[in-house]
Amino acid sequence: MTAPAQSEYAARWWAPLRDGRLECRLCPRHCKLSAGQRGFCFVRQNVGGRMILTTYGRSSGFCIDPIEKKPLHHFHPGTSVLSFGTAGCNLGCRFCQNWNISKARKFDRLADEALPETIAAAARRFGCRSVAFTYNDPVIFAEYAMDVADACREAGVAAVAVTAGYMTEDSRPEFYRHMDAANVDLKGFTEEFYHRNCYGALAPVLDTLKFLRHETSVWFEVTTLLIPGENDSEAELERASDWFAAQLGPDVPWHFTAFHPDYKMRDKPPTSPATLTRARTIARAKGLRYVYTGNVHDHEGNSTWCPRCGQRVIERDWYVLAKWKLKQNRCAACDFGIAGHFDAQYGNWGARCVPIRLNWILPPKSPQQVCS
Ligand code: SF4
């Protein structure tokens with residue numbers, strides 16, 4: 001198949017400098033680009049004195065996933081989400097779990113041309129409750145993501161951003177005006193971790209989380225990938241939990257997920273289930289109500305519990321939902337209101353991850369097509 005040509009879509013959030021370069025103000029890197037040069041993310045480029053988003057309308061492929069995979073546990077549980085990404089990233093995480101997409105330097109990773117209306121129509125046709133910008137960070141293709149989100153809203157489909165939250169106060173308000181939900185990575189809780197392992201900074205991510213909590217109605221959840229010996233010490237988890245409780249409050253769900261060795265970090269062991277459980281215990285002890293373990297089978301840590309009476313209101317095993325003890329968003333036993341967006345019954349998508357082209361479902365690689 002021939003890869004689609006790069007787009008020449010006029011980008012936002014930039015300004016010309018006196019020396020003739022263009023400064024990108026979309027993310028905290030503030031790349032200053034000479035003629036023809038691309039930013040750190042590789043997808044924004046100075047072309048003839050204008051900033052261009054080279055991946056508008058280009059996708060690295062589509063898959064229908066469970067919403068629990070994003071992970072979002074309080075946003076229409078059990079429903080399916082049409083997921084896609086583009087290419088490039090504005091962080092340089094040594095432990096990236098999607099590096100073949102995020103570090104793509106060629107457009108040969110971009111298999112599908114997909115305009116916003118086409119994506120929204122496909123989501124409707126396949127019965128997806130939402131569309132997710134995932135696999136790589138939607139911040140770097142913000143204009144495209146916002147247009148897809150608008151088309152989805154028109155079609156009654158929600159828009160979900162899966163992001164590291166590494167953006168500026170210039171771009172944050174507009175981007176999130178178009179989103180219905182988000183999962184934001186909090187990759188560690190020290191500047192040193194972000195600097196050494198992500199080639200980035202912690203402070204803008206904390207600003208994004210505070211912004212979401214205090215200045216938007218976007219439903220959001222937070223994910224921390226725990227890496228043995230890097231960001232899983234008791235002291236760091238205590239400090240992160242204190243900040244989380246004070247700045248975001250008790251109702252924002254927090255997912256602790258298991259690392260596996262990948263990309264440039266192959267010298268660390270996989271995260272043990274005991275480490276995930278320890279992190280969950282620390283966060284819950286600080287008063288956080290909805291703390292989860294992820295990427296493991298953990299009946300207790302995967303499930304949602306009523307903070308008042310202790311009833312298991314949603315029983316999960318990884319991405320599979322088993323029991324539902326909610327009346328809409330209230331605990332069926334004690335009527336406590338569970339934070340989030342819930343339907344009368346949970347969806348029945350299960351654990352399937354089904355790759356699609358926008359017009360047809362691809363032949364299955366395995367009979368069940370279960371997410372790993
Ligand atoms: S979005 Fe890309 S070009 Fe813009 S500042 Fe960030 S890394 Fe640089």
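Select H178 in the loop between α4 (172-177) and β13 (181-185). Helices here are DSSP runs of H or I with at least four residues, strands are runs of E with at least two, and both are numbered from the N terminus. This is a predicted model, where local features need pLDDT of at least 70, side-chain atom pairs count only at pLDDT 80 or more, and totals for chains, interfaces and linings use all residues. Residues are numbered from 1 along each chain as its sequence is written, and side-chain values use heavy atoms, with hydrogens and water left out.

Is H178 buried or exposed? H178 is buried, because its relative accessible area is 14%. (Buried means under 20%, exposed over 50%, partly exposed in between, with a 1.4 Å probe and protein chains only.) Now show the contacts of H178, meaning heavy atoms within 4.5 Å. Leaving aside neighbours within four places in sequence, H178 touches M146, A149, D150, R153 and A159. D150 is 28 residues away along the chain, yet the C-alpha atoms of H178 and D150 are 6.6 Å apart.

Next, select helix α3, residues 142-154. The expected span is 1.5 Å times one less than the number of residues. For the 13 residues of α3 that gives 18 Å, and the end C-alpha atoms are 18 Å apart, so the two agree. Buried residues in α3 include Y144, M146 and C152. Step just past α3 to G156, which has a positive phi of about 75°.

Move on to α7 (residues 234-248) and α8 (residues 273-285). Axes are lines fitted to C-alpha atoms, for helices over the stretch in contact, and angles run from 0 to 180 degrees between N-to-C directions. The axes of α7 and α8 come within 9 Å and cross at roughly 40°. Therefore α7 is oblique to α8. (Under 35 degrees is roughly parallel, over 145 roughly antiparallel, 65 to 115 roughly perpendicular, the rest oblique.) Colour the contact: E234, L237, E238 and S241 in α7 meet R278, A279, I282 and A283 in α8.

Finish with the backbone. Most residues other than glycine have a negative phi, and most peptide bonds are trans. Find F42, between β4 (32-33) and β5 (44-47); its phi is positive, near 75°. Then go to K70 and P71, joined by a cis peptide bond with omega about -10°.
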